[in-house]
Amino acid sequence: MAVATPAWVDYVASLQWEGDDGAGRREVSAEDALSLALKGDLTAEEAVSLSLPGELNSADELLPLGIRMGLTAEELLLVQLLAYFDRRGEDGRPRIASASAKSAQVSWRKKKKFHFSPERPGYTAALRIARLGADGVHLEQAGEGGQPGALCYHIDGGYLEFRRPKGTVFKEGSDVPQTEVALIWRLPRGDGISITSRIRGLGVRLGDILFLLPCCAATVALSFEEKSFTVPTGFTEEPLYARVGLNFIDITVPIENLIKKLYSMYEQEEQDNKTRLQQLQNKGDHEDRAELMYCREDQERERGELEQQRKEQEKEKLENLQRRRAERNKYKEMRKEVIGNFKLGAKIDEGFLQQESTGNSIFRIFELDEGTGSGAVSKGVEAHGVHSTDASET
């Protein structure tokens, strides 16, 4: 079972036996247990344990129960994430979420290597991911060769300093309250954005891929395909909202809209820089122009450092791969040598046994030949590697 939620500890304490005989124990229906799981108060395993005997026997029964309860499509997706895909630390085929700044389209690409490796420094933990099925309701494993698909994530230490209260909003034309469940940040070097959960057990859908952020401050990154594009420094954060009581968000459209906004800001900044540079050239303000050029050089330097860092990471990964290959080849050679020595030793022992057997047989033939003298016996013995004196004595 996964680590118990704080709400589970308090809730179970209120359901303990009231007497030594067990009388008066409180039970909850399977529907109530599932509702608590959807709110993030229970894990799937806890919901099964808490339900009335016979109503829920395993997490596999949560989806049929949700369908019978008439849950929405988003709620059914969250039920499946809680039941089947809340797994961490598994070695799966890694995937990377990337986006085109120009087209604002998000895509998922597979890494060439099958073993799990961090996408960027610090993102060393792994999340299992699911793919939305053709029916739009059921989830399937997003992996190959029996391996689950995996996504890099980490716990953002800077989030611990972020203590402002969560906001509650109402969408235009709707009276359903929504609460803040996640934040989109600018990565430090501006080469992408990150999504950080503000609640425990947040189900996230991005395109046809779904995953579950296990705790507060759990963070995944989204990189951009254009190497020259950097997130404008004017962007700091953008909150993401979900319906109160449902820990699930579909960020496909919000992310695409945000990318369009960021690219527009980027183009505006570039245009402002060009306009300002032109004005400085016309005015002949060499000092300000040098300052602007220094800023541009600083940006280029930052991009160069980022590219160098990427190359060093790729080089390190390649060296690690080559080292592992060399170790495997060395092990194979050592194994071949050991097996060869073993076979050679066996052949030598077999040869000694055959020589000993052959020598004894010939010796007995010479001994039984009455018409042959001792000299003949000696010669026969010496011919087979036995000293003549030993033969004469015999």
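Let me begin with a definition: a residue counts as buried under 20% relative accessible area, as exposed over 50%, and as partly exposed in between, using a 1.4 Å probe and protein chains only. Helices are DSSP runs of H or I with at least four residues, strands are runs of E with at least two, and both are numbered from the N terminus. With those terms, the buried residues of α2 are A30, A33, L34, L36, A37 and L38.

A word on the source. The model is predicted, so local features need pLDDT of at least 70 and side-chain atom pairs count only at pLDDT 80 or more, while totals for chains, interfaces and linings use all residues. Residues are numbered from 1 along each chain as its sequence is written, and side-chain values use heavy atoms, with hydrogens and water left out.

Now the overall picture. The protein chain has nine helices and 13 strands. Of its 394 residues, 37% count as buried. Contact here means heavy atoms within 4.5 Å. Among contacts in the protein chain with a separation of 6 or more, 65% join residues 24 or more positions apart.

I turn to the helices. Two packed helices are described by the angle between their axes and the distance between the axes. The axes are lines fitted to C-alpha atoms, for helices over the stretch in contact, and the angles run from 0 to 180 degrees between N-to-C directions. Angles under 35 degrees count as roughly parallel, over 145 as roughly antiparallel, 65 to 115 as roughly perpendicular, and the rest as oblique.

Consider α4, residues 62–69, and α5, residues 73–84: their axes come within 9 Å and cross at roughly 165 degrees. Therefore α4 is roughly antiparallel to α5. The crossing of α4 and α5 is right-handed; a crossing has that hand if the near helix is turned clockwise from the far one by less than a right angle, and is left-handed if anticlockwise. On the α4 side, L62, L63, G66 and I67 meet L76, V79, Q80, A83 and Y84 of α5. By class, the residues of this contact are seven nonpolar, two polar and no charged. For these classes, Ala, Val, Leu, Ile, Met, Phe, Trp, Tyr, Cys and Pro count as nonpolar, Asp, Glu, Lys and Arg as charged, and the others, Gly among them, as polar.

How much of α5 is covered? Nine of its twelve residues are buried, namely E75, L76, L77, L78, V79, Q80, L81, L82 and A83. From its first C-alpha to its last, α5 reaches 17 Å, close to the 16 Å expected at 1.5 Å a residue; the expected span is 1.5 Å times one less than the number of residues.

Next comes α2, residues 30–38, whose axis comes within 11 Å of that of α4, with a crossing of roughly 100 degrees. That angle makes α2 roughly perpendicular to α4. The contact involves A30, E31, L34 and S35 of α2 together with L62, L65, G66 and M69 of α4. Its residues comprise five nonpolar, two polar and one charged.

Against α5, the axis of α2 comes within 10 Å and crosses at roughly 90 degrees. L34, A37 and L38 of α2 meet E75, L78, V79 and L82 of α5. This contact has six nonpolar residues, no polar ones and one charged. Just after α2, G40 takes a positive phi of about 90 degrees.

Three further residues deserve attention. A217 lies in the loop between β10 (209–213) and β11. A217 is not a glycine, although it has a positive phi of about 75 degrees. At 1% relative accessibility, A217 is buried.

F235 is in the loop between β11 (218–224) and β12 (237–243). Is F235 buried or exposed? It is buried, with a relative accessible area of 5%. Apart from its neighbours within four places in sequence, F235 is in contact with I184, W185, R186, I193, L258, L262 and M265. F235 and K261 are 26 residues apart along the chain, and their C-alpha atoms are separated by 9.7 Å.

Finally, Y153 sits in strand β5, residues 149–155, and is buried at 8% relative accessibility. Y153 and S194 are 41 residues apart in sequence, yet 9.8 Å apart in space, C-alpha to C-alpha.
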